[in-house]
Amino acid sequence: MVALLLPAVAGCGSLPEEPLPERGFGLRYEKPVAADKLNYRFLRDWNLPGLVVADLNAYVDLPHLVTVVARSCHGEGTGYDPDARRIELCYDDLTEQSELVTRGSEGLAEIVRETLYHEAGHALIDALDLPTEEGRAEEDAADRFAQVMLLRDPEGDDTLLVAARAYERAAAAEREPDPSDEHAPDAVRAESHRCAVYGHSPDRHKDLATPARSDCAATWAGTRDTWTRDLAPLLRR
């Protein structure tokens, strides 16, 4: 539980919000319900959404506004709404996610970063009107965007490996994949992240080398080149 990872706080006082930009990724926090106050405080104290938004805006120049809204979702789940052009980051999701990490607050922070980049991938697929089929194909593409963004960061491989371990633990806790879930099974998502990490830096991650990952360098190159090509109209020079 997040409550075990953070010191108690007296309330959830808000810092002044910056006005939303006219274009690009913007950030807004909504007041949490009582049960989500610690999760709200965690996001604010670590400035996780703010750091991801700044990174995205430094990399791409969106022609319209996509708002990242941190809010209490009452179980609806984090996701991207193409009609509203907004990413909803749910405070309540952090409680479940905290049970999947082994590195306390740091591990939870890594999960939040990977999640936000995944949802930003959906927003960019929408903005570019990419011919990605809905469902599993789009979810896989969004996972690959998260890989591209994180592996631009020298420490991003650690984030992907933390996320991979969380997906693996989620898979172990689930008897069988939910057939209504458009995402790949958690075990498949875990292996995709590990393959990207190994393919990106095989010398750094020799411990990940297996015969099954012999094609990961080519897989990673394809992921990087495809997203770089598709993002070309929006990339900052």
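A: Gladly! A search of the whole structure finds 4 aromatic pairs. Rings of Phe, Tyr and Trp (its six-membered ring) pair if their centres lie within 6.5 Å; planes under 30 degrees apart count as stacked, over 60 as edge-to-face and the rest as tilted. This is a predicted model, in which local features need pLDDT of at least 70 and side-chain atom pairs count only at pLDDT 80 or more, while totals for chains, interfaces and linings use all residues. Residues are numbered from 1 along each chain as its sequence is written, and side-chain values use heavy atoms, with hydrogens and water left out.

Q: How is the pair of Phe42 and Trp46 arranged?

A: A pair of aromatic rings is described by the distance of the centres and the angle of the planes. For Phe42 and Trp46, the values are 5.5 Å centre to centre and 35 degrees between the planes, a tilted pair. Both residues lie in helix H1 (residues 37-46), 4 residues apart, about one turn of the helix. Helices (H or I, at least four residues) and strands (E, at least two) are DSSP runs, numbered from the N terminus.

Q: Which residues do ring pairs link into a cluster?

A: Tyr29, Tyr40 and Tyr91 are joined that way. Tyr29 also has a charge over its ring: the charged end of Arg44 sits 4.1 Å from the ring centre. The rule is that a charge sits over a ring if NZ of Lys or CZ of Arg is within 6 Å of the ring centre and within 35 degrees of the ring normal. Likewise, Arg152 lies over the face of Tyr59, 4.0 Å from the centre of that ring.

Q: How many helices and strands does the protein have?

A: There are 8 helices and 4 strands. Along the sequence they follow the pattern β-α-α-β-β-β-α-α-α-α-α-α. Of the 237 residues in the protein, 50% are buried.

Q: What span does helix H4 reach from its first C-alpha to its last?

A: The expected span of a helix is 1.5 Å times one less than its number of residues. Helix H4 (residues 104-128) has 25 residues and reaches 37 Å, close to the expected 36 Å. Because 21 of those 25 residues are buried, H4 is largely enclosed by the rest of the structure.

Q: Which residues does Ile111 touch, not counting residues up to four places away in sequence?

A: Contact means heavy atoms within 4.5 Å. Ile111 lies in helix H4 and touches Gln97, Val101, Val162, Ala163 and Ala166, leaving aside residues up to four places away in sequence. At 6% relative accessibility, Ile111 counts as buried.

Q: What do the buried residues of H6 pack against?

A: They pack against H4, H5 and helix H7 (186-200). Among the buried residues of H6 are Val162, Ala163 and Ala166. Helix H6 (residues 156-173) has 18 residues and reaches 26 Å from its first C-alpha to its last, close to the 26 Å expected.

Q: At what angle do the axes of H2 and H5 cross?

A: Axes are lines fitted to C-alpha atoms, for helices over the stretch in contact, and angles run from 0 to 180 degrees between N-to-C directions. The axes of helix H2 (residues 48-59) and helix H5 (residues 136-150) come within 12 Å and cross at roughly 85 degrees. That makes H2 roughly perpendicular to H5. Angles under 35 degrees count as roughly parallel, over 145 as roughly antiparallel, 65 to 115 as roughly perpendicular and the rest as oblique. Asp55, Leu56 and Tyr59 of H2 meet Phe145, Val148 and Met149 of H5.

Q: Where is Asn47, and what is its phi?

A: Most residues other than glycine have a negative phi, and most peptide bonds are trans. Asn47, although not a glycine, has a positive phi of about 55 degrees, and its place is in the loop between H1 and H2. Asn47 is partly exposed, with a relative accessible area of 36%.

Terms used:
Buried means under 20% relative accessible area, exposed over 50%, partly exposed in between (1.4 Å probe, protein chains only).
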